[in-house]
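Open the model in your viewer and keep the selection panel at hand. Each stop below tells you what to pick and what is there.

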Amino acid sequence: MKISREDVLRVAELAYLELSEGELEMYRAQIDEILEYIGKLNELDTAKVEPMAQVLSDDQTADATLREDLIVPCAVAEDVLKHAPDAEPPYFRVPKVIER
Amino acid sequence: MSVLFLEFQEGRTGKNACPTRKMHMTANWTIDGVKEALAAKKISARELAADFYKRIESRNPELNAYLTLSTERARRQTDKIDGLVAGAKPLPPLAGVPVAVKDVIGTRGIKTTCGSKILENYVPPYDATAVERLEAAGAVILGKTNCDEFAMGSSNENSAYGPVKNPLAQDRVPGGSSGGSAAVVAAGLAVASLGTDTGGSIRQPGSFCGVPAMMGSYGRVSRYGLIAFASSLDRIGPFATSVKDVAAILQVIAGRDPHDSTSTTAPVPDYRAELEKPVKGLRLGIPKEYFGEGMDAGVRKKIETGIDLFKMLGCQLVDIRMPHTDYAIATYYIIATAEASSNLARYDGVRYGLRVDDDSLLAMYRKTRGAGFGAEVKRRIVLGTYVLSAGYYDAYYLKGQKVRSLIAQDFRDAFTKVDAILTPTSPVPPFKLGERTADPLQMYLADIYTVTGSLAGVPGISVPCGKIDGKLPVGLQIFGAPFGEARVLQLARAFEQAGGAAV
């Protein structure tokens, strides 16, 4: 077995994801099978291989790294707050974070 | 839909209504056809859009391909185009062309759900660059298309708003995740559409619905406004009824965008001019690894006939090896889920979308995400968080990134020997609704021929390559070298012109 019930619980906690009992067991079993399959990557010796995070080289997006640092007006705050679950412009309101 | 839509119809049936409207109702529109009809005043942009809305009204209840219709916005745009025609002004390249946009691509003022309950009421405050460019080129956005939730799926069955049916075989899936965008083009409910491709989500539904569908190189089309799934893989691209129209849409949306630092500065060639260049003498690689076990016999037969057609066109077929192909699914499902788990952290019930209330902030996060995400999305968040977590990062995520290098190297090696690579798009024809939902790994394995190109960042197209028993469409995939879109389109066009869709 690659992944335990405790692993799934721990990961769900990290991801702030509430899972039901049924989901917990279903995902454990399915992800176990997927990880088993993923294990085939160990057939490859990658000791001397560089990891690839993205496909483009820096020169392909050159002006992005060299652009001027300018302030550009955005002005979407009102629209954004209009569609927020709980807003008190100019703020988003959330349940109390700090306990006294 | 109803109120605005009726107003729209009213406009059409007014005194300026087109006397030959019946003819248009059944016409198969192309981009050039629309432009000619507008310029010759055979139809107005508004009448054309109204005709499409009428067809949508009759077909969409069974297909479930559109989630939202943007009638008001369409009307503003058609008025603008009709104004240009009336003033005898030059028409932009996509003037009056009715298009659809996948619901993971942001549209200002138009609900954008990503096929998810967590964004059920999300209305973006800005347009994606691709949408902005389409509209600036004169296209009329009819509405937003159904898709797998956050583009995660290969059958469109993971949408929170129900599956899309394949217009060519209604007991079958349209493919995914851009199932709605493929279906609306195949059913004549839009002239072209935008989809997104992370592991095959444009090409595979294009194959399943029998329409050409293109993913440009990573960086070719701006991702600004595309709601992120896996940022190092996500790409926006077109569906249309012909390769020529696919090229016309790509032409408009391609190119550097200062809002996306991963969009490249590489110049955009004139794709439509390149289209007609002869393909004779081009070297086409046939990778052995894409023709192994697991391919449906009917698909194999069509693809082999399709490859023969290229031979008849004077292309040279070259047997090549791409030895890391068999590791692509495992690599893809590490990298894509890792990036997804990070990207989807933003849905926390604070700034947009669903919130499930609770007294504590953390409990509010957990409940909102637990209730708002569907089964496949939660599965991928758990897997992606796991492969990134302490103690497993090196074994899974880093390993995946290293194998990604090997897969990209396979492509680089191949393109030293050949001009393009031919493969099937999918190992199977469109399958029945519900047939594969119980086993996620089996669903993932069907992405085998498409995820490779996603990981390597190369462009790819799926072009129709016959139908099994005259019914189930097969797609042939053409991969090009990075930024070799023109070559890919040119080959696809030659194949289409030579009767590829009827092999």
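Select B:Ala88. Just after helix 5 of chain B, this residue takes a positive phi of about 55°. Helices (H or I, at least four residues) and strands (E, at least two) are DSSP runs, numbered from the N terminus. The model is predicted: local features need pLDDT of at least 70, side-chain atom pairs count only at pLDDT 80 or more, and totals for chains, interfaces and linings use all residues. Residues are numbered from 1 along each chain as its sequence is written, with chains lettered from A and ligands numbered from 1 in written order.

Step back to helix 5 of chain B, residues 71-86. Its 16 residues reach 22 Å from first C-alpha to last, close to the 22 Å expected at 1.5 Å a residue (1.5 Å times one less than the number of residues). Colour B:Thr71, B:Ala74, B:Gln77, B:Thr78, B:Ile81 and B:Asp82: they are buried (20 or more other C-beta atoms within 10 Å of a residue's own; exposed means 12 or fewer, partly exposed in between; C-beta atoms are placed from the backbone). They cover an arc of only 140° around the axis, which puts them on the same side of helix 5 of chain B. The arc is that of the directions from the helix axis to the C-beta atoms. On the other side, B:Arg76, B:Gly83 and B:Ala86 are exposed.

Next, helix 11 of chain B, residues 297-312. Its buried residues are B:Val299, B:Lys302, B:Ile303, B:Gly306, B:Ile307 and B:Phe310. The face turned away carries exposed B:Ala297, B:Asp308, B:Lys311 and B:Met312. Just after the helix, B:Gly314 takes a positive phi of about 95°.

Now the largest nonpolar core. It has 171 residues, and B:Val99 is one of those with the most contacts inside it. Such a core is a set of buried Ala, Val, Leu, Ile, Met, Phe, Trp, Tyr and Cys residues joined through C-beta atoms within 7 Å. Helix 12 (328-343) of chain B gives the most, with 10 residues.

Finish between the chains. Here 48 residues of chain A are in contact with 57 of chain B (C-beta atoms, placed from the backbone, within 7 Å). Helix 2 of chain A gives the most to chain A's side, with 8 residues.

How values were computed
Two residues are in contact if their C-beta atoms, placed from the backbone, lie within 7 Å.
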